[in-house]
Amino acid sequence: MNSIKFNQKFKDDTDCLSYLSELKWQDGYKCKKCGNDKFCTGKKTNNRRCTTCGYDESPTVGTMFEKIKFPVLIAFHIAFKISTKKKGMSTLELSHEFELRQKTCWGFKLKIQKAMSSSLQHPLTGTIHVGEFVIGGEGQGKKGRGKGLKKLIVLAVEVFENGVGRAYAEVIEHASAKELGAFLRKYVAMDANIITDGWRGYLPLKKEFLNLKQIPSNDGKNFKDLHLHIMNIKGWLRGIHHHCSKERMQNYLDEYHFRYNRRAYMGTIFDVLIKRMAKIEQNAHI
Ligand SMILES: [Zn+2]
């Protein structure tokens, strides 16, 4: 969906609520209070009222659009911008563009980022380069795998002969076999060809990941795609997200990779996001 189609489809709150209603009840209606499956129109056009107990439900109940303090049309605009703009939008930019308080934008953007976290249904496959990097804390002593104010991140990227595929990243405390293993189990197929540098944290994982191979980094030359990806993440964070706390870093990484992994499917990325935001109750894991 491009911005022309978006603006044609969503002209006012009713258009948005009608779309939410379609998504929310696409597998059928069931009253939250009594379980009855018959309904009539409720107080508002897109509400559904149970014919037995009379419970009147708005399409926003149980979704990420419930109890927002601004029109649902604005919420759709924000979700559209964040999902389709190459670099997303900072809360400051959102605040200016939609005339909302920055704190309000901050809260809603956090919801969007949570909807953008991986469903964990499609682990990375093929040849995968894995490595860690640090964000923040520059000039605070030695770079690398230590603990401190810096944010340590582990990244996995699918590498093809002529380019890269999808990628996932996660904030970790230590580059230990325990944490690196948990990351790989979560995001990478067990039979993938995993390639890492010589860091000893990966050594014990070879027993479990039979195709895990360690090669020298050669100053990054053997992991060019991985390093380019790291540079892009760092550039993006520096560019529009100046103050990213350690707690929020995972949300930003999820946002980045939600867009990155769908860069070839920009036509449907907004729909995917809205579906996740609408069905958040049913998919509590996302
Ligand atoms: Zn009912």
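Start with helix 7 and helix 8 in this predicted model: H229, N232, I233, W236 and L237 from helix 7 touch a set of residues in helix 8, including M249, Y252, L253 and Y256. Sort the residues in this contact by class and you get 8 nonpolar, 3 polar and 2 charged. How do you describe two packed helices? You use the angle between their axes and the distance between the axes. Here, the axes of helix 7 (residues 224–240) and helix 8 (residues 246–260) come within 12 Å and cross at roughly 115 degrees. The crossing of helix 7 past helix 8 is right-handed.

Now look for rings. The whole structure holds 19 aromatic pairs. Take F6 and F270: their ring centres are 5.3 Å apart and the planes sit at 85 degrees, so this pair is edge-to-face.

F10 and F76 make another pair. Their centres lie 5.0 Å apart with planes at 65 degrees, and since an angle over 60 counts as edge-to-face, that is what this pair is. F10 is in the loop between helix 1 and helix 2, while F76 is in helix 3, so the pair ties together parts 66 residues apart in sequence. Are they buried or exposed? F10 has 2% relative accessibility, so it counts as buried, and F76, at 0%, is buried too. F6, F10, F76 and F270 are among the members of one aromatic cluster, along with Y19 and F108.

The charged end of R248 sits over the ring of W106, 4.3 Å from its centre, and R263 lies over the face of Y260, 3.9 Å from the ring centre.

Key
Residues are numbered from 1 along each chain as its sequence is written. This is a predicted model: local features need pLDDT of at least 70, side-chain atom pairs count only at pLDDT 80 or more; totals for chains, interfaces and linings use all residues. Side-chain values use heavy atoms; hydrogens and water are left out. Axes are lines fitted to C-alpha atoms, for helices over the stretch in contact, and angles run from 0 to 180 degrees between N-to-C directions. Helices (H or I, at least four residues) and strands (E, at least two) are DSSP runs, numbered from the N terminus. A crossing is left-handed if the near helix is turned anticlockwise from the far one by less than a right angle, and right-handed if clockwise. Contact means heavy atoms within 4.5 Å. Ala, Val, Leu, Ile, Met, Phe, Trp, Tyr, Cys and Pro count as nonpolar, Asp, Glu, Lys and Arg as charged, and the others, Gly among them, as polar. Rings of Phe, Tyr and Trp (its six-membered ring) pair if their centres lie within 6.5 Å; planes under 30 degrees apart count as stacked, over 60 as edge-to-face and the rest as tilted. Buried means under 20% relative accessible area, exposed over 50%, partly exposed in between (1.4 Å probe, protein chains only). A charge sits over a ring if NZ of Lys or CZ of Arg is within 6 Å of the ring centre and within 35 degrees of the ring normal.
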